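Subject: Structure for you to look at

Hello,

I am handing over the structure below, with notes on what was found in it. Please keep it open while you read.

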Amino acid sequence: MKRYDEKVLNSLLDKYENSLLYTGQNQRKQSIEFPVKKSTLPEYFDEEADRVLEALASRQKALELNTSRLALSAEDYRLNERYLKRFWELGGKYVTLGTDAHSPEQITNGLNEGIGLLKKVGFDKVTYYEKRKPLMAEL
């Protein structure tokens, strides 16, 4: 029997590759989130996550950095740093910033921390989209 986490990641990757998002013809987002508690990630999670990050990087797709908890949680910061750095090492080019805002007061949650984190791992640009085309802005 396959590991639960591997099945979740395989399913997400399959959904991504089988969606119109893969071809850039759909606005629907495919979200990839941690399938287990962040504090208890199994050893093999990095290997499985690499498959997803490699797929995104090789297809020149964007990875979104959710900044909402970066200032609140050192654990979230470290995990985001770890996987952003790996995405960069695998040739990832496009990263978007999202604050997961649910009210006007939250619209800038963690943006400064997110920009700092992107710079720390090697990115010098952030991605935004206009008419479904990726555009880059200097950090």
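**Salt bridges**

In this predicted model, arginine 86 counts as partly exposed, at 26% relative accessibility. Its side chain meets that of aspartate 50 in a salt bridge, with 2.9 Å from N to O. Aspartate 50 belongs to helix α2 (residues 45–58) and arginine 86 to helix α3, so this pair ties together parts that are 36 residues apart in sequence. Aspartate 50 has a relative accessible area of 17%. The cut-off for buried is under 20%, so aspartate 50 is buried. Glu89 also comes into the picture, as Asp50, Arg86 and Glu89 are linked in a network of salt bridges. As background, side chains of opposite charge can pair when their charged atoms come close.

How many salt bridges does the structure hold? There are four. Among them is one between lysine 120 and glutamate 81, whose closest N and O atoms are 3.2 Å apart. Lysine 120 sits in helix α4 and glutamate 81 in helix α3, so the pair ties together parts that are 39 residues apart in sequence. Lysine 120 is exposed, at 53% relative accessibility, while glutamate 81 is partly exposed, at 21%.

Another of the four joins the side chains of glutamate 138 and lysine 125, at 3.5 Å from N to O. Glutamate 138 is in strand β4 and lysine 125 in strand β3, 13 residues apart, and the pair links distant parts of the chain. Glutamate 138 is exposed, with a relative accessible area of 58%. Lysine 125 counts as partly exposed, at 27%.

**The hairpin**

Strand β3 covers residues 125–130 and strand β4 residues 133–138, and they pair in the antiparallel sense over six bridges. If you want a place to start looking, threonine 127 stands opposite methionine 136 in β4. With two residues between them, β3 and β4 form a hairpin, and lysine 131 in the turn has a positive phi of about 50°.

**Helix α4**

Which residues of helix α4 (residues 111–121) are buried? They are Gly114, Leu117, Leu118 and Val121. Seen down the axis of α4, the buried residues fall within an arc of 100°, so they line one face of the helix. An α-helix has 3.6 residues a turn, so residues three or four places apart point the same way. The buried residues of α4 pack against β1 (63–66), α3 (74–89), β2 (95–98) and β3. Asn112 and Lys120, on the other side of α4, are exposed. Glycine 122 follows α4 and has a positive phi, near 125°.

Tyrosine 77 is in helix α3 and is partly exposed, with a relative accessible area of 22%. Apart from its neighbours within four places in sequence, tyrosine 77 is in contact with Leu70, Glu113, Leu117 and Lys120. Leu117 is one of the buried residues of α4, and Lys120 is on the other side of that helix. Between tyrosine 77 and threonine 67 there are ten residues in sequence and 8.9 Å in space, taken from C-alpha to C-alpha.

Serine 68 lies in the loop between β1 and α3. Is serine 68 buried or exposed? At 18% relative accessibility, serine 68 counts as buried. Its side chain makes a polar contact of 2.8 Å with the side chain of asparagine 66. Leaving out residues up to four places away in sequence, serine 68 touches Gly98, Thr99, Asp100 and Asn109.

**Positive phi values in loops**

Most residues other than glycine have a negative phi, and most peptide bonds are trans. Aspartate 100, one of the residues that serine 68 touches, has a positive phi near 55°. Aspartate 100 is in the loop between β2 and α4 and is partly exposed, with a relative accessible area of 44%. Glutamine 60 also has a positive phi, near 55°. This glutamine lies in the loop between α2 and β1 and is exposed, with a relative accessible area of 53%.

Regards

Note on methods. Residues are numbered from 1 along each chain as its sequence is written. This is a predicted model: local features need pLDDT of at least 70, side-chain atom pairs count only at pLDDT 80 or more; totals for chains, interfaces and linings use all residues. Side-chain values use heavy atoms; hydrogens and water are left out. Two strands pair if DSSP finds at least two bridges between them. Helices (H or I, at least four residues) and strands (E, at least two) are DSSP runs, numbered from the N terminus. Buried means under 20% relative accessible area, exposed over 50%, partly exposed in between (1.4 Å probe, protein chains only). The arc is that of the directions from the helix axis to the C-beta atoms. Contact means heavy atoms within 4.5 Å. A polar contact is a pair of N or O atoms within 3.5 Å; within protein, one must be able to donate a hydrogen and the other to accept it, and residues adjacent in sequence count only if both atoms are side-chain atoms.
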